[in-house]
Amino acid sequence: MSIIKKQIALILVTFLVLTSCEDVIDVEVPTAAPRLVIEASLNWEKGTTGNNQTIKLSTSTPYFNTTEVNEVVGALVKVTNTNTNTDYIFTDENNGNYTINNFIPVINHTYTLEVIYNGETYTAEETLKSVSEINAVEQSIEGGFDDEVLDVSIFFDDPVDEENYYLIRFIEEGDLFPVLETESDEFSNGNEMDEFFEKDKDEDDDQKQLNPGDTVTITLYGISERYYNYIDLLIEQYDSGGDPFSSTPAEIKGNCINETNENKYAFGYFRLSEIVTVNYTFE
């Protein structure tokens, strides 16, 4: 057989092998019993009263079910300021949202959350943390990882003689998901701190990176050390998604405890933060 004929035969065999491997393999994924999901982030934006707050309740869904949202109605939701013994009762809106319009936030006061649902009581405790004003917002092409794309930086003062932890949320107008970053003052206590945001350059689509006229919303949160450790792990697992060399994702527990059945804890976290938000349009 000539070399050319051998090559043609090899190509035909390879084609047959590749086209014959089209059987669909159904993988059975174990499904755990639904758990309560508590989205209880009480944010007090500077310059507002902070009276209007919302807590969202739902139950978990199977991993591959990306369309179903199991809203929880009929629960009892209460937040208590343990420094003043003031109770705040949230109203069930019958859509998974529980709201209040007379909440009073106080910096460094400790609050407890109580959720009663299906005969079980869930509790959590957190302290309301303050945050500094944002001193400045600046754009550049030199402050990020790529000196050929635009980036934006915020600058803020870290208070002296205390430990501080921050969450920074960046989102461009039109995007579905924000970028989250965490920061502590372990090595910069009492100094001006900064954080930047940029998008990777795409040779095939120059609109994916930040361009003049684009608008981003940046929110700076004051958070507790415990929440810092919790959200930092979540961000790490999210960022490593699809990386074959990353560690296997593990279930991360929040601070919501099931007082009735400790093994059936809720997903989510109860957090209280003072926040400051700025909108920036690139020039």
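## Terms and basis

A residue counts as buried under 20% relative accessible area, exposed over 50%, and partly exposed in between (1.4 Å probe, protein chains only). Strands are DSSP runs (E, at least two residues), numbered from the N terminus.

This is a predicted model, in which local features need pLDDT of at least 70 and side-chain atom pairs count only at pLDDT 80 or more, while totals for chains, interfaces and linings use all residues. Residues are numbered from 1 along each chain as its sequence is written, and side-chain values use heavy atoms, with hydrogens and water left out.

## Strand β11 and its partners

Of the 8 residues of β11, 7 are buried, so this strand is largely enclosed by the rest of the structure. Two strands are said to pair if DSSP finds at least two bridges between them. β11 pairs with β12 in the antiparallel sense over 6 bridges, and R169 has L180 of β12 as its bridge partner. β11 is also joined to β14 (residues 215-223) by 8 bridges, again antiparallel; here F170 is partnered with I218.

## The loop between β11 and β12

The hairpin of β11 and β12 has 6 residues between the strands, and G174 takes a positive phi near 100° there. L176 lies in the loop between β11 (165-172) and β12 (179-184). With a relative accessible area of 75%, L176 is exposed.

L176 forms a nonpolar surface patch with F177 and Y238, and together they have about 460 Å² of accessible area. Patches are made of residues with over 30% relative accessible area and no salt bridge; nonpolar side chains (Val, Leu, Ile, Met, Phe, Trp, Tyr) are joined within 5 Å, like charges within 9 Å. A salt bridge is a side-chain nitrogen of Lys or Arg within 4 Å of a carboxyl oxygen of Asp or Glu.

## An open sheet of 3 strands

β9, β10 and β13 form an open sheet in the order β9-β10-β13, with antiparallel pairing. Its edge strands, β9 (134-140) and β13 (192-198), each pair on one side only. Between β9 and β10 (residues 151-157) there are 6 bridges, and A136 has F155 of β10 as its bridge partner.

## The largest nonpolar core

A nonpolar core is a set of buried Ala, Val, Leu, Ile, Met, Phe, Trp, Tyr and Cys residues joined through side-chain atoms within 4.5 Å. The largest one has 27 residues, of which I38, L57 and L113 touch the most other members. Among the elements that give two or more residues to this core are β1 (36-45), β2 (53-59), β7 (110-117) and β16 (267-281). β1 supplies the largest share, 5 residues.

Note on methods
Helix = DSSP H or I, 4+ residues; strand = E, 2+ residues; numbered from the N terminus. Areas by Shrake-Rupley, 256 points an atom, 1.4 Å probe, with all protein chains shown as cover.
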